[in-house]
Amino acid sequence: MASANRASSSLIKVVALSGSLRKGSYNTALIRSGIELSKGEVEGIEIEYVDISDLPFLNTDLEKDGSYPSEVEAFRQKIAAADSVLFASPEYNYSVTGPLKNAIDWASRPPNVWAGKAGAIVSAGGGHGGAKSQYHLRQIGVFLDLHFINKPEFFLNVFQPPPKFNSDGDLIDEDAKNKLKEILLSLKAFTLRLQGKN
Ligand SMILES: Cc1cc2nc3c(=O)[nH]c(=O)nc-3n(C[C@H](O)[C@H](O)[C@H](O)COP(=O)(O)O)c2cc1C
């Protein structure tokens, strides 16, 4: 009982990254929906969307005396200050997207700011809903020392009827919303567990 009370009073800070830079991105829409849930149904979790589109292509020539370009420094600081990370990962050619890998690589430069954090992955796409990108991302997480929740998994096939998004591009599918809620609850519980708070 005491630990349940302690867990419910803890607020975890989550940064959310989308591997798609597209304005109408389904994956970025999943993050918007997660943010909505965190303001209502899912308590104790604060989600900040972090745009990765301004990051330069990784080039170690841009690193000067152990410091990084200003956009990269700002990005790294946001990751460092977070308790955990929510990745919305589209599948490009059976893997993660170039922009997402670029962002991951920048934050892996010394000191690796991913280390020890909890993570969760959601994907939207055709076919298997981005599943293959998720398993590559999990593999990348091994070297980064990122700890992903195993269950539940979230893959959304956006092309199977009924429509999953409305004309504004927002998630409307109730099953998907419920699954997203489960992901956030699992991420919250696992983050607190990693931090020794429950
Ligand atoms: C370069 C490229 C490669 C893609 N490769 C795959 C793929 O391997 N498997 C798949 O299911 N979809 C693939 N797609 C489709 C995307 O996953 C789909 O368009 C998805 O909606 C993109 O995410 P977004 O809506 O967040 O931009 C690819 C799309 C692009 C642009």
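Okay, let's start with the inside of this one: the largest nonpolar core has 29 residues, and the ones with the most contacts inside it are Leu-30, Leu-86, Val-122, Phe-154 and Leu-156. Keep in mind that this is a predicted model.

So who builds that core? At least two residues each come from β1 (12-18), α2 (26-38), β2 (45-49), β3 (84-88), β4 (118-125), β6 (154-157) and α6 (174-194). The largest share belongs to α6, with six residues. There's also a second, separate core of 26 residues, and Val-15, Leu-55, Ala-82 and Ala-103 are among them. As a general point, nonpolar side chains in soluble globular proteins tend to be buried together.

Take Leu-86 for a moment. Skipping neighbours within four places in sequence, Leu-86 touches Val-14, Val-15, Ala-16 and Leu-17, then Ala-120 and Val-122, and also Ile-183 and Leu-184.

Now over to β1. In the parallel sense, β1 pairs with β2 over five bridges, and Ala-16 sits opposite Tyr-49 in β2.

Last stop: the loop between β1 and α2, where you'll find Ser-20. Is Ser-20 buried or exposed? Its relative accessible area is 7%, under the 20% cut-off, so Ser-20 counts as buried. What does its side chain do in there? A polar atom of the Ser-20 side chain lies 3.2 Å from the backbone nitrogen of Arg-22, and the Ser-20 side chain makes a polar contact with the side chain of Ser-25 at 3.4 Å. Beyond four places in sequence, Ser-20 is in contact with Ser-25, Thr-28 and Pro-90.

How values were computed
Residues numbered from 1 in each chain as written. Predicted model: local features only at pLDDT ≥ 70, side-chain atom pairs only at ≥ 80, totals over all residues. Heavy atoms only, no water. Core = buried A, V, L, I, M, F, W, Y, C linked by side-chain atoms within 4.5 Å. Buried < 20%, exposed > 50% of the residue type's maximum accessible area, 1.4 Å probe, protein only. Helix = DSSP H or I, 4+ residues; strand = E, 2+ residues; numbered from the N terminus. Contact = heavy atoms within 4.5 Å. Pairing = 2+ DSSP bridges. Polar contact = N/O pair within 3.5 Å; in protein donor to acceptor, adjacent residues only side chain to side chain.
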